[in-house]
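Hi everyone, thanks for making time this morning. Let me put the structure up, and then we can walk through a few spots together.

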Amino acid sequence: MKSQESAFFSELKSDLPAGLVVFLVAVPLCLGIALASGAPLFSGIIAGIVGGTVVALLSGSPLGVSGPAAGLAVIVLTAIQTLGYEAFLLSVAIAGVIQIVLGFAKAGVIGYFFPSSVIKGMLSGIGLIIILKQIPHAFGYDSDPEGDFAFKQIDGETTFSALEHMLSAITPGALLISVLSLGILILWQQPFIKKFKITNIIQGPLVVVTLGIIIQQVLMGTSWNLEPEHLVTLPIADGWGEFIGLFTLPDFSQWSNPAIWVTAITIAIVASLETLLCVEATDKLDPYKRLTPTNQELKAQGVGNLISGLIGGLPVTQVIVRSSANIQSGGKTKAAAFIHGLMLLGSVLVIPKLLNMIPLASLAAILIVVGFKLAKPSLFKEMARLGNKQLVPFVVTIVAILFTDLLVGIGIGMVVAIFYILLNNYKTPYFVEDKRKDAGVIHLELAEDVSFLNKASMLLSLKKLPKDSKVIIDATQTLHIDYDIKEIIMEYKANAAYKNIDLSFIGLNPETMDLESSSRKQKAGARIPVEPVD
């Protein structure tokens with residue numbers, strides 16, 4: 001692997017096939033998300049093209065892929081119904097400007113505050129959702145569009161009720177294609193197959209898609225024939241003029257409408273959060289463990305949304321399904337994402353009719369394999385081995401994502417993770433040392449950082465100190481102490497006199513409860529400041 005600073009197409013041998021796989025995955029997702037958002041189908045393709053070209057060029061993420069996001073579908077649907085499509089596009093463009101400002105304001109640091117257990121839960125939760133959502137498509141039950149990852153689907157079903165109803169609406173041709181496709185994809189990963197050099201050039205997903213088209217053609221005219229709803233449905237333009245007509249300009253006359261700005265701020269915040277979450281998750285999946293500059297990513301996404309809104313596209317974010325497909329297909333640099341964007345553009349210009357021959361069952365098989373790799377059983381075993389502090393937020397995040405959506409699930413997982421942080425702070429804000437050589441002396445040594453999170457345990461510990469004892473509160477190791485804690489200690493001074501406790505302090509001013517400068521400077525001097533990644 002060459003350095004990240006090497007030439008853009010330096011890893012073309014790996015990035016070209018990976019970009020092709022991402023392209024095959026992206027086409028139905030772009031169309032499905034547009035349908036779920038109540039927008040023109042071509043708006044999803046526009047967003048995919050912008051995300052794959054403009055954002056890929058500006059981004060610092062080596063493996064992240066951007067495009068329309070399922071997490072924004074509900075917001076987009078409501079905005080279009082309220083504002084109208086052209087006015088909504090103006091909100092998307094304004095949201096892009098807001099994201100650019102957030103990037104320059106260095107708001108990308110927010111991405112580093114998501115616990116690892118929640119990020120891993122997000123990856124596994126998305127993996128399970130992909131599998132559950134694609135099983136109906138594999139059986140030929142295509143009432144819900146690709147890209148709808150919410151628990152309550154736009155077809156009126158839920159994730160689990162769709163699994164039940166698909167059994168009474170199986171399409172034999174689709175089931176045949178998906179079973180054969182899964183078999184090929186599994187076979188393609190076996191060591192004895194990988195010995196053949198042809199497998200490095202021709203990826204399993206390309207074989208699967210080609211086979212699906214051939215089988216679909218063979219089945220035409222039989223009882224197992226696949227109807228149009230079981231195939232990719234890409235808008236077809238007859239000529240350059242009709243193609244240009246598929247693009248839509250925003251309604252700039254609505255710029256003074258307050259609802260436009262509310263929608264823009266909402267899209268900017270949600271899109272930025274989803275991007276930062278996906279950046280963190282993608283970096284964890286990266287076999288080379290490279291770090292994405294998050295502020296640069298916000299700027300790149302902002303430019304992408306500005307352009308997408310100006311030409312009729314949906315909002316874009318970095319998206320984990322396409323990013324993980326890129327990684328699993330061997331992508332090494334951001335050229336893979338760029339190649340997928342070029343392929344999206346080329347496909348709608350040159351081969352839309354060929355793409356419309358691809359069975360959704362073939363793509364379902366590809367996505368099921370992607371989902372399984374995200375939710376590997378080994379990851380569950382690893383989290384269980386780490387104990388409840390890691391396992392519980394991990395499992396809660398997965399379950400919450402399954403029964404709600406990505407952002408709500410992440411929020412619930414964060415609440416549980418923060419609970420464990422609070423619990424840990426409650427238990428260990430400082431340690432108590434009973435100095436046996438000086439009977440009756442209780443030594444309370446404060447931690448390096450004592451915050452308001454330690455209030456409960458501080459109060460409880462002080463309350464338990466026995467009467468007629470000698471207590472020393474030692475702050476020589478402390479760099480920061482919140483006012484809340486100072487207030488508690490000052491109030492305890494009066495209570496200590498009432499209980500005949502001899503209270504003294506080290507490194508702490510007994511009158512103001514401020515840290516003594518000498519000890520603080522000595523301790524601080526040992527610290528080496530680390531600049532955050534930009």
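M513 is buried, at 0% relative accessibility, where buried means under 20% relative accessible area, exposed over 50%, and partly exposed in between, with a 1.4 Å probe and protein chains only. Its phi is near 65°, a positive value in a residue other than glycine. You will find M513 in the loop between β8 (502-506) and α23 (517-524). The helices (H or I, at least four residues) and strands (E, at least two) I mention are DSSP runs, numbered from the N terminus.

A quick word on the source. This is a predicted model, in which local features need pLDDT of at least 70 and side-chain atom pairs count only at pLDDT 80 or more, while totals for chains, interfaces and linings use all residues. Residues are numbered from 1 along each chain as its sequence is written, and side-chain values use heavy atoms, with hydrogens and water left out.

Back to phi for a moment. Most residues other than glycine have a negative phi. K106 is another residue with a positive value, near 60°. K106 sits in the loop between α4 (85-104) and α5, and it counts as partly exposed because its relative accessibility is 48%.

Now, salt bridges, meaning a side-chain nitrogen of Lys or Arg within 4 Å of a carboxyl oxygen of Asp or Glu. How many are there by this rule? The count comes to four. K486 is buried, with a relative accessible area of 16%, whereas D514 is partly exposed at 34%.

E382 and K120 also meet through their side chains, at 3.4 Å from N to O. Here E382 is in helix α18 (residues 377-385) and K120 in helix α5, so the bridge joins parts that are 262 residues apart in sequence. E382 counts as partly exposed at 30% relative accessibility, and K120 is buried, with a relative accessible area of 19%. Then there is D286 with R290, again with closest N and O atoms 2.8 Å apart; both of these residues are buried.

On to the nonpolar cores, each a set of buried Ala, Val, Leu, Ile, Met, Phe, Trp, Tyr and Cys residues joined through side-chain atoms within 4.5 Å. Which residues of the largest core touch the most other members? Of its 64 residues, they are I45, M122, I126, V321, I358, L363 and I410. Leaving aside neighbours within four places in sequence, L363 is in contact (heavy atoms within 4.5 Å) with L24, P28, V209, V232 and I358. A second, separate core has 27 residues, including A79, F88, L89 and A300.

Last stop, the inside space. On a 1 Å grid over the protein atoms alone, a cavity is a set of points where a 1.4 Å probe fits but cannot get out, and lining residues have an atom within 4 Å of a point. Grid points are joined across faces, edges and corners, and a volume is the space filled by probe spheres set on the points. The structure holds one cavity of 30 Å³ or more, and about 100 Å³ of space lies in the largest cavity. Among the 16 residues lining the largest cavity, K133, H137, D144, P145 and Q153 are the closest to its centre. Helix α5 (residues 116-138) gives the largest share of that lining, four residues.

How values were computed: On a 1 Å grid over the protein atoms alone, a cavity is a set of points where a 1.4 Å probe fits but cannot get out, and a pocket is an open set with protein on both sides within 12 Å along at least five of seven lines; lining residues have an atom within 4 Å of a point.
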